[in-house]
There are 2 protein chains.
Amino acid sequence: MSEESPQVRPIEAAERVGIGVIGCGTVGGALIAALLSRSTQIADRTGTQLDVRRVAVRDLHKARDVDVPRELLTDDAEELVADENVEVVVEVMGTIEPARSLIEAALKARKPVVTANKELMALAGASLAKIAKENDVDLLYEASVGGGIPLVRPLRESLAGERISRVVGILNGTTNYILTRMTEEGVEYKTALDEAQELGYAEADPTADVEGLDAAAKAAIIANLAFGASVVAQDVHPEGITSITAEDIDLAGRLGYTVKLVAIISRHDNGSAGVRVHPVMLPADHPLASVRLSFNAVFVEGEDVGELMFYGRGAGGAPTASAVLGDLIDAAHNLRHGGSGRLARPGNATLWPLEEQSSAFYLTLDVEDAAGVLAAVAQAFGEYEVSIRSMEQTGVRGEAHLVFVTHE
Amino acid sequence: MSEESPQVRPIEAAERVGIGVIGCGTVGGALIAALLSRSTQIADRTGTQLDVRRVAVRDLHKARDVDVPRELLTDDAEELVADENVEVVVEVMGTIEPARSLIEAALKARKPVVTANKELMALAGASLAKIAKENDVDLLYEASVGGGIPLVRPLRESLAGERISRVVGILNGTTNYILTRMTEEGVEYKTALDEAQELGYAEADPTADVEGLDAAAKAAIIANLAFGASVVAQDVHPEGITSITAEDIDLAGRLGYTVKLVAIISRHDNGSAGVRVHPVMLPADHPLASVRLSFNAVFVEGEDVGELMFYGRGAGGAPTASAVLGDLIDAAHNLRHGGSGRLARPGNATLWPLEEQSSAFYLTLDVEDAAGVLAAVAQAFGEYEVSIRSMEQTGVRGEAHLVFVTHE
């Protein structure tokens, strides 16, 4: 072999990185299954061999879908974090404690952390990011918003130089499923909810989904990413879909709109960030209007980039595990090659109070079908400086149903 | 100040990184405008101050939209690459040479390169990636596919652990604009093309767009990213939209389909990658079917993640510059903190010959409206083992127009 063959080089061995996984439920199980079955393929593609070295579970003896080798299991998550063979910690157990303490311990031990924990990131994301930065180590959380949809990395890296003006997201699959069925089948809310529960899209207690709490937590995480706003879930006043009727949806359709539950995260001129969750009427040709069933989508408006949309499965074990895996490969690469802590500086945008934000509204009034009624309504709007964009009247036998769409 | 206040730390100065930009046309001008006007904001957000230190142009005296300080301009791009104050090179001049030689020189001088050059990456992406790897330096090209849409980074990083089965993309805005107008207004191809040319969406010579060559180059880049396939633009046999009639689109609509020009990049069971560009009939409720006008979108199907879609502006100065800027921030970060060369190993999937790929087809036949004609046609399909999914007959006065949609 002559010196003229520079492309002939020794085959590089993949770098091995030891992984500890806390939690082996829907997401953890799917992740471990992927890691056990595809670890060679991932090593070929990325140069990093991800070795699962420890899996922390609550009950060592519970039957699981995924066949975790018995010697990897532990019921002591603190021991997993401290184990010197564990170099990267994955937290997929959910809820606030002990997840928060375990993540803090890992970061302080300079171990990168990958988490899918929406609740925790919406509550304590800024504080955990600060600990990660102080220890010069990665804290990655792609899976905490939008399930399998790449969203955190595009917002944090691809759009790092972009001046984002607004993000509008369908962030909850349960409510989007219910609204899609109401729209396409004309059924009432309760019927659609029952169906969603039968299919496993809605929980027995659907409150967190249908009242907008789940979307509010995700909106807080997006506000931090897109605007550097220190917003926590509790700052976001959510409005859900429980009071939407089949008639509302039908009337919206006749006016050319589709009803969706969205989170709206917007930049105010004064630099503060507005964060809201409520149902909206979207023009039928808006890209978000055609997001059906349990899919999620996030629509981003930027000064230079214009309109972007990211669409996909916002929940479920395998899609969410896919997002965790992408983060895990990134964290392992950074551990070996340096380069952790992209966009480490948190911003300082404040929250823009809801009462100062403006919107166009849709409202319906049941009135007597008599001369002068519309004039009286119009006068009332005028007194409060509400400008009307469109009006439709329906009704029978002396009663009129007035539907207004206002300007902002 | 006591020791109990660990959060009070000295304000860190942003790290300055020197940038050289080769090319100051539509994309280069928009990029330089963004860098000059928002450099402090970007430094606040990312910790990196991007200093434009040199801009190479063909004609020093040409009037430009962006006000580049005279002392930054040079007409010697080689000098720019060699300049020790230039630490990262941005190539936005386009075409193959001298862009290729300049990028090679920069990489060999261990300077990271950010490029928007679709033609070059589709022709020589694998070779350039190899030089980048040998010199342990970044070669980033988000802007070469899908304009402002974050696509390269999600495919390379977020989905690095995913087993992608298929990518279907609307990758050309000009043809999507033409097809949208034909669909929504019922006009013929020529009318829609004229309109696209008047609006500046189509060039005076529209061949590269309407014959599918532009989409083919982008498809080759995606095949490399998604499957590690060493595919170049010339390997992709493109079929364009010039023979599509208003009647084809109308009939497709009546059968519940929307006509789109797409690139299809798919993984074959034997590990090879199939890459095709041709018009397809998409079910009207497919997410790509509602991508209108000059927008682009890329639909990804993965084993774990399910269906994903990325949507946005696939061309234009400001959106493309936004993608370049995201890459530039990444390259500058890696230069200071290490961590370049994510997913450095190219794959070795081969190209799957077009004649071995299968599709469902749509075809129309004009026949005599007489007994026995359909039977004869059906027999011919049967002889060649073509299975029919649906058939529609239209026609007047003794002539029949038969529209078939086949199975694969």
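Which residue of chain A forms a salt bridge with B:Arg153? The partner is A:Glu157, with the closest N and O atoms 3.4 Å apart. A salt bridge here is a side-chain nitrogen of Lys or Arg within 4 Å of a carboxyl oxygen of Asp or Glu.

This is a predicted model: local features need pLDDT of at least 70, side-chain atom pairs count only at pLDDT 80 or more, and totals for chains, interfaces and linings use all residues. Residues are numbered from 1 along each chain as its sequence is written, chains are lettered from A in the order written, and side-chain values use heavy atoms, without hydrogens or water.

**Extent of the interface**
- Chain A brings 67 residues to the contact, and chain B brings 67 residues (heavy atoms within 4.5 Å).
- About 5300 Å² is buried between the two chains, 47% of it on carbon and sulfur atoms.
- Buried area is the accessible area (1.4 Å probe) lost by two parts on being put together, summed over both.

**Charged pairs and the chain B side**
- The rule finds 8 salt bridges across the interface of chain B and chain A.
- Several elements of chain B each supply at least two residues to the side touching chain A, including helix H1 (26-46), helix H5 (152-158) and helix H11 (317-337).
- H11(B) gives the most to that side, with 10 residues.
- Helices (H or I, at least four residues) and strands (E, at least two) are DSSP runs, numbered from the N terminus.

**Strand pairing**
- Strand E11 (residues 306-313) of chain A pairs with E11(B) in the antiparallel sense, over 5 bridges.
- Pairing requires at least two DSSP bridges between two strands.
- B:Tyr311 in E11(B) stands opposite A:Met309.
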